[in-house]
Amino acid sequence: MIAVGSRVRLHGLKAKPWLNGKDGICKDRKADTGRWTVTLENGSTVALKADNLSVISQGINSKSTAVSVSAVVEGLEHLLSRMETTRQSICDAMVYCMEHAEHAAALARLLISALAKPGLNTRVTSARLFLISDVLHNARRSRTAASQFHTLFQEMLPEAFEKLGRVWLRQLRTEDDRAHGESVIRHLFKTWDSWRAFPRLFTKGLECLLYAPVLDMTAKEAASEPDEKLRQKLSRWFSGMTQSELPSACQERGLAGKALATVTCRARLCHFERYWHLRPGMKVRLRGLQTAHLNGLLGELENWDPVAGRWKVRLRAELKAVKPENLVPEESKDEADAAHGAAALGGAGNGSGGPPSVDDLLDGEPLSEQELAAAAEEAAAAEAAWRPQVLMPGFSSAPGRTGIWTQVTEPGPAGDLVSPDNLNVGTARDAHR
């Protein structure tokens with residue numbers, strides 16, 4: 001007997017014979033027509049007679065949330081198990097998520113947990129990252145239930161990327177796999193930053209969790225850091241005045257989605273400071289190496305090796321792999337002059353003995369209330385004039401149950417994905433009322 005939540009197989013269809021043999025889940029039965037609404041594996045829905053449905057697994061004759069969530073999650077699990085790194089495959093999964101956005105919490109948890117499963121190869125991981133990016137793109141401007149995906153991803157991504165670094169990126173052994181994985185990640189971060197999808201420092205926190213393991217640090221270790229600039233950055237997180245700020249500082253930097261223990265927050269914040277204290281192209285001096293003749297030499301950082309946990313440092317014609325703690329940034333002449341100038345100013349203008357405040361650096365009169373109101377109206381007009389762009393051939397804007405987004409209207413080319421830009425298929429918008 002067919003019931004809500006039943007998994008069924010389609011058969012005996014003459015008008016649409018290509019659907020015969022397809023599986024789906026029964027959502028509800030229309031009293032006026034007697035037809036069942038069936039959600040297929042690709043996320044589309046059809047209305048069919050009971051005679052064209054064979055029950056594979058029985059549902060419960062109830063419209064309870066528990067049954068509905070279970071059926072929807074099962075549908076996404078099936079799509080993920082068959083998903084490939086093609087535009088069509090990932091778009092099908094994205095549309096499914098948008099059509100079932102009333103269950104965003106359950107779907108977001110599944111997407112995040114599926115992202116960092118041990119043993120996944122680079123192509124599968126890349127496809128799942130692209131899917132999350134695509135759902136995020138379509139959800140971030142939505143005023144429907146789909147907007148929940150943005151908030152949920154912001155909370156869940158820090159732990160997911162920390163685990164993704166441990167079970168995937170830092171486990172890759174071939175140069176090709178590492179290069180491809182890092183290319184995907186950096187392009188994602190660049191794309192999310194261009195959307196302003198998260199707070200300004202959020203993707204920087206995700207990157208440091210992904211590329212390097214978080215190590216514990218004590219106040220004594222922070223105070224004994226020989227690099228003066230880094231020591232100041234580390235020591236601030238051990239100050240008694242900042243302890244209440246640790247959870248919010250972690251969330252702002254993409255290091256945690258929810259409150260963590262104080263010691264964990266501090267460790268991640270110190271990890272953030274140490275990771276971003278060095279960057280490619282920076283001049284550094286070597287220190288504390290057992291190979292004594294290298295200590296004091298000047299080199300240039302080329303790139304970070306997440307597997308070895310070391311920086312590649314160019315020393316003239318020689319390339320060395322060096323741990324971060326054995327590197328001290330070499331202050332450039334411009335930085336030294338800037339520091340000397342700031343010291344000479346002595347905080348003039350704000351009376352605090354520190355650097356000038358933002359207000360001290362502003363030039364001209366502040367805006368009047370009328371000018372601020374006019375600027376707000378201009379921004380609102382620009383937002384209202386915004387329209388989603390169709391970025392993929394074979395797609396067009398079409399209405400759905402919960403809103404409007406870009407959907408497949410005809411088969412597109414089955415080429416491999418090369419960047420997240422190929423997956424940004426529009427933005428969910430409210431349906432016209």
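Let's start with S235: buried, exposed or partly exposed? S235 is partly exposed, because its relative accessible area is 29%, and the buried class stops under 20% while the exposed class begins over 50%. Keep in mind that this is a predicted model.

Where does S235 sit? It belongs to helix α9, which covers residues 228–235. Its side chain reaches back to R231, coming to 2.8 Å from the backbone oxygen there. Now look further off along the chain. Setting aside neighbours within four places in sequence, S235 is in contact with A222 and A223. A219 is 16 residues away from S235 in sequence, and their C-alpha atoms are 7.0 Å apart in space.

Next, helix α4, residues 122–139. What span should its 18 residues have? At 1.5 Å a residue, we expect 26 Å. The C-alpha atoms at its ends are 26 Å apart, so the model agrees with the expectation. Look at the start of α4. A side-chain oxygen of N121 reaches to within 3.2 Å of the backbone nitrogen of R123. And how many residues of α4 are buried? The count is 16 of 18, so this helix is mostly covered, given that buried means under 20% relative accessible area.

Last stop, the cysteines. C91 has 1% relative accessibility, so it counts as buried. C97 is buried too, at a relative accessible area of 0%. How many disulfides are there? The count is 0, with the sulfur atoms of a pair required to lie within 2.5 Å.

Key: Residues numbered from 1 in each chain as written. Predicted model: local features only at pLDDT ≥ 70, side-chain atom pairs only at ≥ 80, totals over all residues. Heavy atoms only, no water. Helix = DSSP H or I, 4+ residues; strand = E, 2+ residues; numbered from the N terminus. Buried < 20%, exposed > 50% of the residue type's maximum accessible area, 1.4 Å probe, protein only. Contact = heavy atoms within 4.5 Å. Polar contact = N/O pair within 3.5 Å; in protein donor to acceptor, adjacent residues only side chain to side chain. Expected span 1.5 Å × (residues − 1).
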